[in-house]
Amino acid sequence: MAEDLAPLADVLLVHREPAHIAMAAVRAGVRDIISADAEPQELRAALDRAADRVFAARAGAGLVPPPAPHEPAAVGRVVTVTSPKGGVGKTTIATNVAVGLAQRFPQRVVLIDADVHFGDVASALNLEAKHSLPDIARGPAARDSIAVKSYFTQHVSGLFVVPGSDSPADADAVTPDDLAQLIAMLREQFAFVIVDTAPGLTEHTLASLDNTDHLVLVTSLDVPGVRGLRKEIDPLDNLSMVVGRRTIVVNFNERSRGMTVADVEATIRAGVDFVLPQSNAVPLSTNQGIPLLQGARRDPVSRELRVLVDAVAPSASEPVTGRLSRRKR
Ligand SMILES: Nc1ncnc2c1ncn2[C@@H]1O[C@H](COP(=O)(O)OP(=O)(O)OP(=O)(O)O)[C@@H](O)[C@H]1O
Ligand SMILES: [Mg+2]
């Protein structure tokens, strides 16, 4: 039925239990499903998407002029957070940046936990997930760009989340290719796809980097970690893997560490863009499952994280290439 109406109409279903009816609805020609309990901004976003689809269909049928050929396709930006060493703050940064972006772009941000075996994004956001990465990247959802959203878990900020697996055996089934395809599919639907990763350049991280527009590299102030960062930057530069923007973050900054940000810059032969101080507020927020940016906190880490969100979400007029630095040198 919906096909007969195209390109003049689009079918959006509002239902009390969207997850239960998703597959049947999609087969019947429904293009998008939202919950009857959805917030007004979610309904608004769904209507905007429906309008975009009608516009695209009409353009395809020659009813409106197609976009000028030089205009880039409207795909979302993929931001991957990585580090050579574990425990340096990747998940803290990925979850806070994702929540900060979701507050600015309601319903248009998705966070993927690509630390396939030991991901703790759900815990950092205090989420009880029905579905996790293996169901989403390998099940029927992986082949259905419309129904996939009904498998996500939503955070109170409006952020959509693809949580990591609870079971290492299930996680083993997710191949780097599955992850790459999921990212490619989601960037067509969301303004931002944030990817949290396991430490080091794992196969899954490399698969994510293949699709990345903005790489956020994190280190703490310790010699092995910083040397590791240098070793991670070199192959990425040589392989030209990330063509967009690169941001380097030093976390756990504290005087007594016996190492300064200048030492880091000398070792990695590159500038540091953001410095997050060590603060007890961070483990407290991790343990409570409430990201710092969920509230209106004004502590130094929250302030710096908000500027990092600005860096990830530049204004539309700004080019998406080159390094972006907040620090004055
Ligand atoms: N600036 C900071 N000050 C104090 N504690 C911090 C800071 N940043 C992160 N932490 C704490 O350090 C711990 C590790 O942080 P997080 O889980 O974000 O690191 P990670 O790089 O994702 O670790 P993994 O490699 O294991 O995934 C958490 O308990 C977190 O609260
Ligand atoms: Mg982590």
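Mentor: In this predicted model, D135, D166, D170 and D172 come together on the surface as a patch of negative charge. One of these residues, D135, belongs to helix α6, which covers residues 133-138. D135 has a relative accessible area of 32%, so it is partly exposed; this is over the 30% that a patch residue needs.

Now the aromatic rings. A pair of aromatic rings is described by the distance of the centres and the angle of the planes. With centres required to lie within 6.5 Å, the count is 4 aromatic pairs. One of them is F152 with F190: the ring centres are 6.2 Å apart and the planes meet at 45°, so this pair is tilted. The two residues come from distant parts of the chain, 38 residues apart, with F152 in the loop between α6 and β5 (153-154) and F190 in the loop between α8 (176-186) and β7 (192-197). F152 and F190 are both buried.

F190 also pairs with F160, with centres 5.6 Å apart and planes at 65°, so that pair is edge-to-face. Because F160 sits in strand β6 (residues 160-162) and F190 in the loop between α8 and β7, the pair ties together parts that are 30 residues apart in sequence. F160, like F190, is buried. Together, F152, F160 and F190 make up one aromatic cluster.

Technical notes. Residues numbered from 1 in each chain as written. Chains lettered and ligands numbered in written order. Predicted model: local features only at pLDDT ≥ 70, side-chain atom pairs only at ≥ 80, totals over all residues. Heavy atoms only, no water. Patch = residues over 30% accessible without salt bridge, like charges linked within 9 Å, V, L, I, M, F, W, Y side chains within 5 Å. Areas by Shrake-Rupley, 256 points an atom, 1.4 Å probe, with all protein chains shown as cover. Salt bridge = Lys/Arg side-chain N within 4 Å of Asp/Glu carboxyl O. Lys, Arg positive; Asp, Glu negative; His and termini not counted. Charge placed at Lys NZ, Arg CZ, Asp CG, Glu CD. Helix = DSSP H or I, 4+ residues; strand = E, 2+ residues; numbered from the N terminus. Buried < 20%, exposed > 50% of the residue type's maximum accessible area, 1.4 Å probe, protein only. Phe/Tyr/Trp six-rings, centres within 6.5 Å; stacked < 30°, edge-to-face > 60°.
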